[in-house]
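Please look at the sequence and the model first, then read on.

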Amino acid sequence: MNYPVELLLTRADCDAVKADTQEDIERTEFRIAATTRSATLQTNEATADSAEISSLTDQIAPLETRVAAMPLGDARTKEEIRLRGLKRDREKLQDEQLGGQGGRGAFRRSRELDAAQRQLAGYQDCLAQVQVRHDGLPA
């Protein structure tokens, strides 16, 4: 982007804009660091949750078949309770993913990181243009 650096008439003007832009750069760099950490944690968590959902599904399917074939009694009741617990755990993880805590949340963090990195590049470009203007003005 071409910034209107011609509006900066003195080196002092340039220095003030450079100081403001440097503060923006530092805030954005902090945001990038925080978002990177958040995205990494969320991606790792989403991956682990997906693996756990898959594992629970792998346990549920054969247990459903086994329970259906069992005669009524204490053994069947215990297995039904275990089956309900596995299903509850799987549903809880699926609900978290639907609520944006899983893959969608990780995607959102990645998108936020991309936006912050683009913003940082814009600030750095602005700073470079102001520096050129600064250097071109009389002392």
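A residue counts as buried when its relative accessible area is under 20%, as exposed when that area is over 50%, and as partly exposed in between. Lys18 has a relative accessibility of 17%, so Lys18 counts as buried. The model is a predicted one.

**Salt bridges**

Side chains of opposite charge can pair when their charged atoms come close. How many salt bridges does the structure hold? The structure holds eight. The table lists some of these pairs.

| Pair | Closest N to O distance |
|---|---|
| Lys18 and Asp15 | 3.6 Å |
| Asp24 and Arg27 | 2.3 Å |

Asp15 has a relative accessible area of 37% and is partly exposed.

Asp24 and Arg27 are also both in helix 1, and they too are three residues apart, about one turn of the helix. With a relative accessible area of 22%, Asp24 is partly exposed.

Which parts does the bridge between Glu64 and Lys87 tie together? Glu64 lies in helix 1 and Lys87 in helix 2, so this pair ties together parts that are 23 residues apart in sequence. Both partners fall into the partly exposed class: Glu64 has a relative accessible area of 35%, and Lys87 has a relative accessibility of 26%.

**The nonpolar core**

The largest nonpolar core is a set of eight residues. Its members are Ile53, Leu56, Ile60, Leu63, Val67, Leu83, Leu86 and Leu93. Helix 1 and helix 2, the latter spanning residues 74-101, are the elements that give two or more residues to this core. Helix 1 gives the most, with five residues. Helix 1 and helix 2 are thus linked to this core as well as to the bridge between Glu64 and Lys87.

Which residues form a negative surface patch? Asp20, Glu23, Glu26 and Glu29 form it. One of these residues, Glu29, lies in helix 1, which covers residues 11-69. The relative accessible area of Glu29 is 39%, so Glu29 counts as partly exposed.

**Helix 3**

Helix 3 runs over residues 103-136 and includes Ala128. Is Ala128 buried or partly exposed? At a relative accessible area of 41%, Ala128 is partly exposed. Ala128 and Thr35 are 93 residues apart along the chain, and their C-alpha atoms are separated by 25 Å.

Arg133 is likewise placed in helix 3. Its relative accessibility of 25% puts Arg133 among the partly exposed residues. Between the C-alpha atoms of Arg133 and Glu96 there are 52 Å, while the two residues are 37 residues apart along the chain.

Terms used:
Residues numbered from 1 in each chain as written. Predicted model: local features only at pLDDT ≥ 70, side-chain atom pairs only at ≥ 80, totals over all residues. Heavy atoms only, no water. Patch = residues over 30% accessible without salt bridge, like charges linked within 9 Å, V, L, I, M, F, W, Y side chains within 5 Å. Areas by Shrake-Rupley, 256 points an atom, 1.4 Å probe, with all protein chains shown as cover. Salt bridge = Lys/Arg side-chain N within 4 Å of Asp/Glu carboxyl O. Lys, Arg positive; Asp, Glu negative; His and termini not counted. Charge placed at Lys NZ, Arg CZ, Asp CG, Glu CD. Helix = DSSP H or I, 4+ residues; strand = E, 2+ residues; numbered from the N terminus. Buried < 20%, exposed > 50% of the residue type's maximum accessible area, 1.4 Å probe, protein only. Core = buried A, V, L, I, M, F, W, Y, C linked by side-chain atoms within 4.5 Å.
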